[in-house]
Amino acid sequence: MYEYRKLTPEEKAELVKQRLSRGYPPHSPPHTVRDRPFYLLTAACYEHKCHLHSESRRQELLDMLFEQFIAQDVEILAWVILPNHYHLLVHIVNFDVLGNLFRSIHGVTSRQWNLEDNLRQRKVWYRYSDRAIRSQTHYYNTLNYIHYNCVKHGWVQSPYDWVHSSVHWYLQEYGRQWLRDCWVQYSVQDYGNGWDEYE
């Protein structure tokens, strides 16, 4: 979205034309793979502003995600909630429920946080994106990516220092050695580049 703003009008028109020719929406993430059981879901605050600036807001969002996702038979397997975006690794039966889930959660939080901040009609969220998990390797790379995202973005020095992350659940359930072994075996270096390598 930010790179798009730097394009000339001609480049913008060409990019939109290319997206439409592929069957994508002109300005939002496409949701092209809809038949896999596992997905990485990502949602960001509009222009990456830190609307999730407090622990209470991050916890409020996490509670709402679990409540509403469980009600729609979507299992959250890993998560991290950061001040300006969040990632979820989910198991899903019906992909079509995602749009309504995000609209509902983001609509409620937008209204509430705008009231709290005494702002009217501020855009809080950008659209969500999804990435189908392609293999076991991709699954565990994604798990590590989620747990180390708080370090990647400079919020903490260690993933164990970030409260709103499933790394603490995995630590309790599987232990530190399991997490270390997982990190060594499934590196997140260049995560997101060359997705076909995860087959």
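Helices (H or I, at least four residues) and strands (E, at least two) are DSSP runs, numbered from the N terminus. Read that way, the protein runs α-α-β-α-β-β-α-β-α-α-α-α along its sequence, with 8 helices and 4 strands. This is a predicted model, where local features need pLDDT of at least 70, side-chain atom pairs count only at pLDDT 80 or more, and totals for chains, interfaces and linings use all residues. Residues are numbered from 1 along each chain as its sequence is written, and side-chain values use heavy atoms, leaving out hydrogens and water.

Q: Why is H48 called partly exposed?
A: Buried means under 20% relative accessible area, exposed means over 50%, and partly exposed is in between (1.4 Å probe, protein chains only). H48 has 36% relative accessibility, so it counts as partly exposed. You'll find H48 in the loop between β1 (38-45) and α3 (55-71), and its phi is near 55°, a positive value in a residue other than glycine.

Q: What makes D73 exposed?
A: The relative accessible area of D73 is 51%, so D73 is exposed. D73 belongs to the loop between α3 and β2 (74-81), and its phi, near 60°, is positive although the residue is not glycine.

Q: How do you know which residues of α7 and α8 make the contact?
A: Contact means heavy atoms within 4.5 Å. Helix α7 (residues 167-174) and helix α8 (residues 176-185) pack at an angle of about 115°, with their axes 7 Å apart. Axes here are lines fitted to C-alpha atoms, for helices over the stretch in contact, and angles run from 0 to 180 degrees between N-to-C directions. V167, Y170, L171 and Y174 of α7 meet R176, W178 and L179 of α8.

Q: What classes of residue make up the contact of α7 with α8?
A: Ala, Val, Leu, Ile, Met, Phe, Trp, Tyr, Cys and Pro count as nonpolar, Asp, Glu, Lys and Arg as charged, and the others, Gly among them, as polar. By that scheme the contact of α7 with α8 has 6 nonpolar, no polar and 1 charged residues.
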